[in-house]
Amino acid sequence: QVQLVESGGGLVQPGGSLRLSCAASLSIFDFTIMGWYRQAPGRERDLVAAIPTGGHANYVDSVKGRFTISFDNAKSTVYLQMDNMKPEDTAEYYCTGRSVFGQDYWGRGTQVTVSP
């Protein structure tokens, strides 16, 4: 059973930083792409950032210049560094990965709250 486990969420003040981690039970290179989504209450789950395991990252416009997605294959972990955070970044954040066989996997999420 493939597992993705997020950690690192919490409460942060506006302008602050958090780093989310997503530990995978497979090598990162068993995935073709890894990403982070977020879902605020009453809203749909939206893509925040994605990184092909052999390519360049891409970001939703609202986080460009503030968030950075990366991975460390030695640790089978994907990261989302979030800087200069805003209240509108408040959401449940989910890690996802698409395996080389085309199967999508999701973590259970980690809550991020940006508030004074």
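The following legends describe close-up views of a predicted model.

Local features are reported at pLDDT of at least 70 and side-chain atom pairs only at pLDDT 80 or more, whereas totals for chains, interfaces and linings use all residues. Residues are numbered from 1 along each chain as its sequence is written, and side-chain values use heavy atoms, with hydrogens and water left out.

**View 1**
Four strands form an open sheet in the order 1-3-8-7 with antiparallel pairing. Strand 1 (4–7) and strand 7 (67–72) are the edge strands; each has a single partner strand, so one side of each lacks a neighbour in the sheet. On average, neighbouring strands of this sheet are turned by 15° against each other, direction ignored; axes are lines fitted to C-alpha atoms, for helices over the stretch in contact, and angles between N-to-C directions run from 0 to 180 degrees. Six bridges pair strand 7 with strand 8 (residues 77–82) in the antiparallel sense, and Phe67 has Met82 in strand 8 as its bridge partner. Strands are DSSP runs of E of at least two residues, and helices are runs of H or I of at least four, numbered from the N terminus; two strands pair if DSSP finds at least two bridges between them.

One disulfide is counted, defined as a pair of cysteine sulfur atoms within 2.5 Å. The sulfur atoms of Cys22 and Cys95 are 2.1 Å apart, and the link is left-handed, with -75° about the S-S bond. Because Cys22 lies in strand 3 (residues 18–24) and Cys95 in strand 9 (residues 91–99), the pair ties together parts that are 73 residues apart in sequence. Cys22 is buried at 0% relative accessibility, and Cys95 is likewise buried at 0%. Buried denotes under 20% relative accessible area, exposed over 50%, and partly exposed in between (1.4 Å probe, protein chains only).

**View 1. Strand 9 and its partners.**
Eight of the nine residues of strand 9 are buried, so this strand is largely enclosed by the rest of the structure. Strand 4 runs antiparallel to strand 9 and is joined to it by eight bridges, with Gly35 opposite Thr96. Three bridges join strand 9 to the antiparallel strand 11 (residues 110–114), where Gln111 is the bridge partner of Glu92. Strand 10 (residues 104–106) also pairs with strand 9 in the antiparallel sense, over three bridges, and Tyr105 stands opposite Gly97. The hairpin of strand 9 and strand 10 has four residues between the strands, and Gly102 takes a positive phi near 85° there.

**View 2. The surroundings of Phe31.**
Phe31 belongs to strand 4 (residues 31–39) and is buried, at 1% relative accessibility. Its contacts beyond four places in sequence include Val2, Leu26, Thr53, Gly97 and Tyr105, contact meaning heavy atoms within 4.5 Å. The C-alpha atoms of Phe31 and Gly97 are separated by 6.2 Å, although the two residues are 66 apart along the chain.

**View 3. The salt-bridge network at Asp89.**
Arg38, Arg66 and Asp89 are linked in a network of salt bridges, each being a side-chain nitrogen of Lys or Arg within 4 Å of a carboxyl oxygen of Asp or Glu. The N-to-O distance is 3.0 Å for Arg38 and Asp89 and 2.8 Å for Arg66 and Asp89. Arg66 lies in the loop between strand 6 (58–59) and strand 7, and Asp89 in the loop between strand 8 and strand 9. Asp89 is buried at 0% relative accessible area, Arg66 at 8% and Arg38 at 13%.
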